[in-house]
Amino acid sequence: MDFAGRIVIKGTDATALRRIYLLYHELRPSASRYSYVIEAGEFEKHADLFVQLREQGAPVLWPEVTFDDGHISNFELAFPILYSRGLKAWFFITVGWTGRRPGYMGWQELRALHQAGQMVGAHGWTHTLLTHCNEKDLLTELSSARLTLEDKLGASITTMSLPGGRYNRRVLAACQEAGYTQVFTSIPRAEPMPLGTLVGRLNIRGDMQSAWISNLFQPDSSALSSLGRQYRMKETAKTLLGDRLYEKVWALLNRKETDTDMREAATSEDSAHHQ
């Protein structure tokens, strides 16, 4: 599918790997009641599993790791775990928070990730839902974010992760105009290779432990299709309730703690991001 939503026909290859892109946010040394925090020890188990799956030889599904937002735990906790196992991940950065917002990476940490071979993409400038942006705001969220990352890292940035997974034709056209060749969504699905322009990902919650993740990658597992149904139900709820009301419902279900680095910016855009 291209940025305008048209279907692109590609050659098929029965031996081509399909990939599942797993979306993480924040890690902590101990367990948290907040749904989108992963305990560091549990993430180690996930990483060990990913190594095991990749070493099986031509697995049906190939695991890929991504992080959104740029939380400092991505550098302090996740990066050492990935590095020690020879794993690389995508780190999608909310550029306006970098070096400015407590609890998030600064440019020094981000450069260290990039220099170590980890992959960096944009996640907007302020984490605003792009479907809420006017043309001027889209320019900041997309173009300014990409150009700033390129300037600070000295590298080409061509990937974008959508805040809240929200997009429409206008947003996709703006992404293309801003220079992004791949846009990562929050749609839980396996991606065939070669990778297309719209890439689905699976949000990982704190209750998704390594045994559940392992089952997800089994050839006969129905877990991914079940998550797809849940995603479609959520999309229907968003349409019926609207973003603001849906955010309040989401907050009740997922933000059960108040002492968190993300507390000071618990806006509707922020909470909607994790859906």
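Biologist: What share of the contacts in the chain between residues at least 6 apart in sequence joins residues at least 24 apart?

Modeller: The share is 70%. The model is a predicted one, and a contact here means heavy atoms within 4.5 Å.

Biologist: How many helices and strands does the chain have, and what percentage of its residues count as buried?

Modeller: The chain has nine helices and 11 strands. Of its 275 residues, 52% count as buried.

Biologist: Why is Thr-185 called buried?

Modeller: Buried means under 20% relative accessible area. Thr-185 has 0% relative accessibility, and therefore Thr-185 counts as buried.

Biologist: Where is Thr-185 placed, and which residues is Thr-185 in contact with, leaving aside its neighbours within four places in sequence?

Modeller: Thr-185 lies in the loop between strand E8 (182–184) and strand E9 (191–192). With those neighbours left aside, its contacts are Leu-162, Tyr-167, Leu-198, Val-199, Gly-200 and Arg-201.

Biologist: Why does Pro-163 count as buried, and where is Pro-163 found?

Modeller: The cut-off for buried is under 20%. Pro-163 counts as buried because its relative accessibility is 0%. Pro-163 is found in the loop between strand E7 (159–161) and helix H5 (169–177).

Biologist: How far apart are Pro-163 and His-127 in sequence and in space?

Modeller: In sequence, 36 residues separate Pro-163 and His-127; in space, the distance is 5.7 Å from C-alpha to C-alpha.

Biologist: Why are helices H3 and H4 called roughly perpendicular to each other?

Modeller: Helix H3 (residues 107–115) and helix H4 (residues 135–153) pack at an angle of about 75°, and their axes are 10 Å apart. Angles of 65 to 115 degrees count as roughly perpendicular. H3 and H4 are therefore roughly perpendicular to each other.

Biologist: Which residues of H3 and H4 meet, and how do they divide by class?

Modeller: From H3, Trp-107, Leu-110, Arg-111 and His-114 meet Thr-148, Leu-149, Lys-152 and Leu-153 of H4. By class, the contact of H3 with H4 has four nonpolar, two polar and two charged residues.

Biologist: How many cavities of 30 Å³ or more does the structure hold, and how much space lies in the second largest cavity?

Modeller: The structure holds two cavities of 30 Å³ or more. The second largest cavity has about 40 Å³ of space.

Biologist: What makes up the lining of the second largest cavity?

Modeller: Its lining consists of Asp-69, Gly-70, Ile-93, Thr-94, Trp-97, Thr-98, Tyr-104, Met-105 and Leu-110. These residues divide into five nonpolar, three polar and one charged.

Key:
Residues are numbered from 1 along each chain as its sequence is written. This is a predicted model: local features need pLDDT of at least 70, side-chain atom pairs count only at pLDDT 80 or more; totals for chains, interfaces and linings use all residues. Side-chain values use heavy atoms; hydrogens and water are left out. On a 1 Å grid over the protein atoms alone, a cavity is a set of points where a 1.4 Å probe fits but cannot get out, and a pocket is an open set with protein on both sides within 12 Å along at least five of seven lines; lining residues have an atom within 4 Å of a point. Grid points are joined across faces, edges and corners, and a volume is the space filled by probe spheres set on the points. Ala, Val, Leu, Ile, Met, Phe, Trp, Tyr, Cys and Pro count as nonpolar, Asp, Glu, Lys and Arg as charged, and the others, Gly among them, as polar. Axes are lines fitted to C-alpha atoms, for helices over the stretch in contact, and angles run from 0 to 180 degrees between N-to-C directions. Helices (H or I, at least four residues) and strands (E, at least two) are DSSP runs, numbered from the N terminus. Angles under 35 degrees count as roughly parallel, over 145 as roughly antiparallel, 65 to 115 as roughly perpendicular and the rest as oblique. Buried means under 20% relative accessible area, exposed over 50%, partly exposed in between (1.4 Å probe, protein chains only).
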